[in-house]
There are 2 protein chains.
Amino acid sequence: LAGEAPSLLYVPDLAGPGERLRLSEDEGHYVARVCRARAGDLVSATDGRGALARLRLTAIEPEVRAEVESLERAAPGRRAVVWCGAPEGERADWLIEKLAELGVTAFLPIDCRRASWQRAARRLERWRKLAVAALRQSHRRFLMEVHPPLAIEAALGALNEPSSRCIAERGGRHPERASAGPALTVGAVGPAGGFDDGERERFGRAGFEPMRLSDGQLRSETAALAWAAWWSAGPA
Amino acid sequence: LAGEAPSLLYVPDLAGPGERLRLSEDEGHYVARVCRARAGDLVSATDGRGALARLRLTAIEPEVRAEVESLERAAPGRRAVVWCGAPEGERADWLIEKLAELGVTAFLPIDCRRASWQRAARRLERWRKLAVAALRQSHRRFLMEVHPPLAIEAALGALNEPSSRCIAERGGRHPERASAGPALTVGAVGPAGGFDDGERERFGRAGFEPMRLSDGQLRSETAALAWAAWWSAGPA
């Protein structure tokens with residue numbers, strides 16, 4: 001350990017300098033077994049809500065304990081929410097990981113006429129763990145939220161905030177550069193069988209602009225990922 | 001079957017109208033069992049090199065036979081090649097599928113100082129099958145080539161064609177829109193541990209411009225995919 005663990009630790013409750021805390025089992029294992037850290041070593045941690053802290057390890061056994069040496073907070077920057085219809089099989093697992101790596105703010109599974117997230121309730125906890133792993137891996141300070149599935153109407157009803165809205169469609173326009181401001185950007189991607197005409201119309205009425213992500217037909221999870229990559233590459 | 005199978009068939013040898021052919025086992029199974037097609041039905045097929053053909057099925061049992069009704073060829077358009085260092089574990093499998101869906105022209109695994117594609121030789125056949133599946137799924141006419149691994153120097157030595165070249169780097173510039181022309185675009189992505197300084201310098205001397213794909217640290221396969229999404233969203 002060259003004074004710092006290669007991954008950022010995730011510590012959901014970080015108060016401020018001087019705080020003494022016990023690392024969770026996962027984080028403790030990583031620090032003690034993977035990094036082979038010792039008491040006195042420094043590690044970095046985030047609470048997933050913008051804090052970046054330096055922790056001094058005070059004990060490794062029987063559990064990993066640390067003291068917060070310094071802590072600074074970042075304000076949320078640009079925000080992106082992915083609304084995604086159900087892809088085939090277990091493809092959502094890696095999608096969640098990739099969206100979190102790319103810095104997406106929240107993932108909202110949406111139930112559509114042609115496909116619903118029947119097994120999503122059982123996957124939520126797994127997905128949240130994948131989001132935490134990606135946060136650590138990609139050294140991000142904001143943890144991607146993973147929401148339970150909503151029907152399209154309910155999702156639209158809850159979208160009160162002014163936002164830039166797009167829907168992935170092969171017939172749409174090529175994307176321009178993503179917004180630089182702190183505003184919210186929402187990207188909607190259809191399920192494995194696509195949105196039906198009524199759903200597309202409903203999105204259109206809610207101001208979702210068709211965006212063409214590729215000249216080929218993309219699977220749901222590929223489109224969601226391509227959209228997130230487009231957003232992530234925009235001006236930070 | 002509404003007169004046409006939902007996936008494009010892959011028939012590597014397509015001569016021209018009037019030709020009679022036997023579908024491969026995979027394609028025959030798809031047509032007969034998945035689509036439940038009958039003799040007389042029409043299906044679309046590509047040879048993965050630009051041809052799009054309409055086939056009339058002439059027999060389903062004991063093997064699927066067809067006659068080419070019409071065939072037209074497209075010239076290759078924009079081309080992108082992904083040079084990719086080895087990611088962790090089996091992550092290359094889905095990367096190959098996604099790159100092929102996004103229309104990437106070729107995938108070149110590159111051996112780097114910090115990671116080599118030790119098991120790649122055994123995976124080549126599997127990867128090529130994944131590329132074919134993605135071709136069918138995304139209705140593309142050009143099959144992504146999957147090359148055997150090369151060392152960086154060998155890859156650079158073989159790159160004689162004028163091309164736009166970039167290397168994924170967190171400290172690079174935000175990408176502009178991808179090139180509209182038929183020119184070749186090459187994107188290099190480091191392995192799990194990243195390129196080392198000497199390798200980065202070597203790429204720099206060969207004209208690879210650093211490109212920043214996200215404000216976070218991306219895994220190799222995520223960076224390769226984000227780069228391909230950027231290219232794919234460019235003007236067709």
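Two strands count as paired if DSSP finds at least two bridges between them. By that rule, 5 strands of chain A form an open sheet with mixed pairing, in the order E1-E3-E4-E5-E2. The structure is a predicted model, in which local features need pLDDT of at least 70 and side-chain atom pairs count only at pLDDT 80 or more, while totals for chains, interfaces and linings use all residues. Residues are numbered from 1 along each chain as its sequence is written, chains are lettered from A and ligands numbered from 1 in the order in which they are written, and side-chain values use heavy atoms, with hydrogens and water left out.

**Confidence**

- Chain A has a mean pLDDT of 91, pLDDT being the predictor's confidence in each residue, from 0 to 100.
- In chain A, 94% of the residues reach 70 or more.
- For the complex, the predictor gives an ipTM of 0.86 and a pTM of 0.89.

**Chain A overall**

- Chain A holds 6 helices and 12 strands; helices (H or I, at least four residues) and strands (E, at least two) are DSSP runs, numbered from the N terminus.
- Taken along the principal axes, the C-alpha atoms of chain A fill a box of roughly 60 × 35 × 30 Å.
- Of the 236 residues in chain A, 54% are buried, where buried means under 20% relative accessible area, exposed over 50%, and partly exposed in between (1.4 Å probe, protein chains only).
- Among the contacts in chain A with a separation of 6 or more, 73% join residues 24 or more positions apart; a contact means heavy atoms within 4.5 Å.

**Relation of the two chains**

- Two copies of a chain are related by a rotation about an axis and a shift along it.
- Here, chain A is superposed on chain B by a rotation of 180 degrees with 0.0 Å of shift along its axis, at an RMSD of 0.0 Å.

**Sheet and hairpins**

- The edge strands of the chain A sheet are E1 and E2 (20–22), each of which pairs on one side only.
- In chain A, E4 (residues 51–59) and E5 (residues 65–73) pair in the antiparallel sense over 8 bridges.
- Within that pair, Ala53(A) has Leu71(A) of E5(A) as its bridge partner.
- In chain B, E3 (residues 42–46) and E4 (residues 51–59) run antiparallel and are joined by 5 bridges.
- Thr46(B) stands opposite Leu52(B) of E4(B), and Leu52(B) in turn has Glu72(B) of E5(B) as its bridge partner.
- The hairpin of E3(B) and E4(B) has 4 residues between the strands, and Gly48(B) takes a positive phi near 75 degrees there.
- E4(B) also pairs with E5(B) (residues 65–73), in the antiparallel sense over 8 bridges, and these two strands form a hairpin with 5 residues between them.

**Helix H2 of chain A**

- H2(A) is largely enclosed by the rest of the structure, because 10 of its 10 residues are buried.
- Just after H2(A), Gly103(A) has a positive phi of about 90 degrees.

**Helix H3 of chain A**

- The 18 residues of H3(A) (residues 120–137) should span 26 Å at 1.5 Å a residue, and the end C-alpha atoms are 24 Å apart, which agrees; the expected span is 1.5 Å times one less than the number of residues.
- H3(A) has a kink of about 30 degrees centred on Arg126(A), the bend being the angle between axes fitted to the seven residues ending at a residue and the seven starting there.
- Buried residues of H3(A) include Leu124(A), Trp127(A), Leu130(A) and Arg136(A).
- Elements covering the buried residues of H3(A) include E1 (9–10), H1 (25–34), H2 (92–101) and E8 (145–146) of chain A.
- His139(A), which follows H3(A), has a positive phi near 55 degrees.

**Glu169 of chain A**

- Glu169(A) lies in strand E10 (residues 163–173) and counts as partly exposed, at 25% relative accessibility.
- Leaving out residues up to four places away in sequence, Glu169(A) touches Arg200(A), Pro210(A), Met211(A) and Arg212(A).
- Glu169(A) and Arg212(A) are 43 residues apart in sequence, with their C-alpha atoms 5.3 Å apart in space.

Terms used:
Copies are superposed by least squares on the C-alpha atoms of residues with pLDDT of at least 70 in both.
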